[in-house]
Amino acid sequence: MSASPVYLDAATAAPPHPVARQALLAALDDGWADPARLYGQARRARQLLDAAREAAAATLGVRADELSFTPSGTAAAHSAVLGGLAGRRRVGATLVHSAIEHSAVLHAAQRHVAGGGSAVSVPVDRLGRLDLDAFADAVRAPGVALAALIGASHEVGTVQPVAPAAAACAAAGVPLYVDAAQLVGRVPVPAGWSVLTASAHKWGGPPGVGLLVVRKGTRWESPWPADERESGRTPGVVNLPAVVAAAASLRAAAADPAAEAALLGPPVAGASGQSRRG
């Protein structure tokens with residue numbers, strides 16, 4: 001008997017969670033209408049959207065009105081960086097980020113620099129861990145509007161010192177944006193951040209759903225044209241069935257981190273000698 005296939009790219013996309021499939025199919029029946037309208041089907045869609053937002057917010061330990069759904073994790077990252085910078089333009093125009101941020105963050109930084117802003121890249125050590133002293137020095141400099149730090153490396157897996165970095169930012173009066181795509185649904189996210197993003201297909205949700213969380217009191221301004229949806233943080237109609245599936249699978253994944261760790265860990269030999277998918 002041949003061995004079961006082993007999946008080794010969970011940093012890019014985790015296998016679909018069973019709960020995601022169930023929630024997606026159920027939401028296709030009730031969540032097809034525009035939740036911004038007032039007729040019966042639309043009001044049912046609105047109920048599903050509100051419930052999904054509340055469930056995702058509760059899992060992350062944030063307020064529901066702090067969380068918005070976006071078309072992807074990349075869109076959320078772009079909004080986090082550009083919106084965080086726009087909201088603090090009176091303070092300065094410098095972005096501080098680690099040298100190993102996701103390309104979505106680096107591309108947003110490039111856009112910022114092309115528009116006349118500046119960006120400071122803080123180095124990491126040979127294991128990919130942030131140089132905390134250099135990071136603290138960088139955020140203390142005059143004119144820093146925003147700092148960005150990936151929660152865990154999608155390339156080598158190094159978990160970054162988010163809590164100490166957040167403390168350094170707080171001491172300097174600089175909001176910290178955390179790209180938590182590799183943390184959410186797997187491990188608790190350290191406290192102290194002001195803006196956070198995540199991506200549903202990292203925890204077994206459907207692709208095409210991102211999370212953008214902006215904490216109350218954080219100066220943030222949408223970098224996109226005005227849109228009344230999602231509190232003006234992201235334009236366009238959300239993919240409601242996918243959003244419902246994302247919220248349901250996030251709650252399920254976070255409720256049993258041991259099972260998620262076993263699923264995403266290295267293959268182990270079972271009683272039959274076959275390998276379990278990791």
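How many bridges pair strand 6 (residues 195–199) and strand 7, and in what sense do the two strands run? In this predicted model, strand 6 and strand 7 are joined over five bridges, and their pairing is antiparallel. One of the contacts across this pairing involves A198, whose bridge partner in strand 7 is L211. Strand 7 also pairs with strand 1, again in the antiparallel sense, through four bridges. Here T70 has G210 of strand 7 as its bridge partner.

These pairings belong to an open sheet of seven strands, arranged in the order 1-7-6-5-4-2-3. The pairing within the sheet is mixed. From one strand to the next, the twist averages 20 degrees.

Elsewhere in the sheet, strand 2 (residues 94–98) runs parallel to strand 4 (residues 144–150), and four bridges join the two. Within this pair, H97 is placed opposite A148 of strand 4. Helix 5 (residues 132–140) lies across strand 2, strand 3, strand 4 and strand 5 (176–179). The direction of helix 5 is at about 155 degrees to that of strand 4.

Five of the five residues of strand 7 are buried, so the strand is largely enclosed by the rest of the structure. In a regular strand, side chains alternate between the two faces of the sheet. In strand 7, G210, L212 and V214 point one way, whereas L211 and V213 point the other way, and all are buried.

G210, which lies in strand 7, has a relative accessible area of 0% and is therefore counted as buried, the limit being under 20%. When residues up to four places away in sequence are not counted, G210 touches S68, F69, T70, P71, S72, G73, A198 and S199. Among these contacts is T70, the bridge partner of G210. By contrast, G210 and A166 are 44 residues apart in sequence and 22 Å apart in space, C-alpha to C-alpha.

Charged side chains were considered next. Side chains of opposite charge can pair when their charged atoms come close. The count for the model comes to 10 salt bridges. One of them joins the side chains of R46 and D50, with a distance of 3.1 Å from N to O. R46 and D50 are separated by about one helical turn because they are four residues apart in helix 2 (residues 40–60). Both residues are partly exposed: the relative accessible area is 38% for R46 and 29% for D50.

A second salt bridge is formed by R53 and E230, whose closest N and O atoms are 2.8 Å apart. This pair links distant parts of the chain, with R53 in helix 2 and E230 in the loop between strand 7 (210–214) and helix 7 (240–255), 177 residues apart. Both partners are buried, R53 having a relative accessible area of 11% and E230 one of 7%.

In a further salt bridge, the closest N and O atoms of E66 and R215 are 3.1 Å apart. E66 lies in the loop between helix 2 and strand 1 (67–70), and R215 lies in the loop between strand 7 and helix 7, so the pair ties together parts that are 149 residues apart in sequence. E66 is buried, at a relative accessible area of 3%, whereas R215 is partly exposed, at 29%. Salt bridges that share partners also join D34, R37 and R229 into one network.

Terms used:
Residues are numbered from 1 along each chain as its sequence is written. This is a predicted model: local features need pLDDT of at least 70, side-chain atom pairs count only at pLDDT 80 or more; totals for chains, interfaces and linings use all residues. Side-chain values use heavy atoms; hydrogens and water are left out. A salt bridge is a side-chain nitrogen of Lys or Arg within 4 Å of a carboxyl oxygen of Asp or Glu. Buried means under 20% relative accessible area, exposed over 50%, partly exposed in between (1.4 Å probe, protein chains only). Two strands pair if DSSP finds at least two bridges between them. Axes are lines fitted to C-alpha atoms, for helices over the stretch in contact, and angles run from 0 to 180 degrees between N-to-C directions. Contact means heavy atoms within 4.5 Å.
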